[in-house]
Amino acid sequence: MNVDDPNSDRRPAHSVSPPDPDTDRRVPTNTQLLEALWELRRDLAVLKTQQATYEKRTNEHDCALDEIKQDIRAVSDNLERHMLKEEQDRAELFRRVTWILAGVVLSSGALIVDLIINYLKG
């Protein structure tokens, strides 16, 4: 074995140590099997509890997401109605302003015509 070579104490990949007869041929006792079974049952119960908790949280999150989606739809619908109402109000305002300006122009025109006619008369 070479001290400077870190791989010198490794066995070649093809060499496998023979199985140990004391550890490989042991059969667990019934008590050990029952203890292992009870441990597995406890683990299963814990996993089921965790799964139920996870499903409950998932359902709560799904419900919260549904509420958020409904709120977003309601806000969107309200905004759409508000924008439509605002557009209608703006159109009505422009109609009124147009009529007022038309009245001002007509009355100014009538006043100018009247002044011209009075000037020519006298």
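Is Glu-92 buried, partly exposed or exposed, and what is its relative accessible area? Glu-92 turns out to be partly exposed, at 31%, where buried means under 20% relative accessible area, exposed means over 50%, and partly exposed covers what falls in between (1.4 Å probe, protein chains only).

A word on the model comes before the rest. The structure is a predicted model, so local features need pLDDT of at least 70 and side-chain atom pairs count only at pLDDT 80 or more, while totals for chains, interfaces and linings use all residues. Residues are numbered from 1 along each chain as its sequence is written, and side-chain values use heavy atoms, with hydrogens and water left out.

As for the overall picture, the protein has two helices and zero strands; here helices (H or I, at least four residues) and strands (E, at least two) are DSSP runs, numbered from the N terminus. Of the 122 residues in the protein, 0% are buried. The protein exposes about 12100 Å², with 60% of that supplied by carbon and sulfur atoms; such areas come from the Shrake-Rupley method with a 1.4 Å probe, and for residues only the protein chains shown count as cover.

Side chains of opposite charge can pair when their charged atoms come close. Searching the whole structure turns up four salt bridges, each one a side-chain nitrogen of Lys or Arg within 4 Å of a carboxyl oxygen of Asp or Glu. Back at Glu-92, this residue is linked with Arg-95 and Arg-96 in a network of salt bridges. The closest N and O atoms of Arg-95 and Glu-92 are 2.7 Å apart, and the two residues sit three residues apart in helix H2, or about one helical turn. Arg-96 meets Glu-92 at 3.3 Å, N to O, and this time the spacing in helix H2 is four residues, again about one helical turn. Arg-95 is partly exposed at 45% relative accessibility, whereas Arg-96, at 53%, counts as exposed.

Glu-86 forms a salt bridge too, with Arg-90, and here the closest N and O atoms are 3.1 Å apart. Both residues lie in helix H2, four residues apart, which is about one turn of the helix. Glu-86 is partly exposed, with a relative accessible area of 39%, and Arg-90 is likewise partly exposed, at 41%.

The surface also carries patches, made of residues with over 30% relative accessible area and no salt bridge; like charges are joined within 9 Å, and nonpolar side chains (Val, Leu, Ile, Met, Phe, Trp, Tyr) within 5 Å. One is a patch of negative charge where Asp-62, Asp-66, Glu-67 and Asp-71 gather. Asp-66 is found in helix H2, residues 30-121, and is partly exposed at 42%. Another patch, nonpolar and about 510 Å², is made by Ile-112, Ile-116, Tyr-119 and Leu-120; Ile-112 lies in helix H2.

Note on methods: Lys and Arg count as positive and Asp and Glu as negative; His and the chain ends are not counted. The place of a charge is taken as NZ of Lys, CZ of Arg, CG of Asp or CD of Glu.
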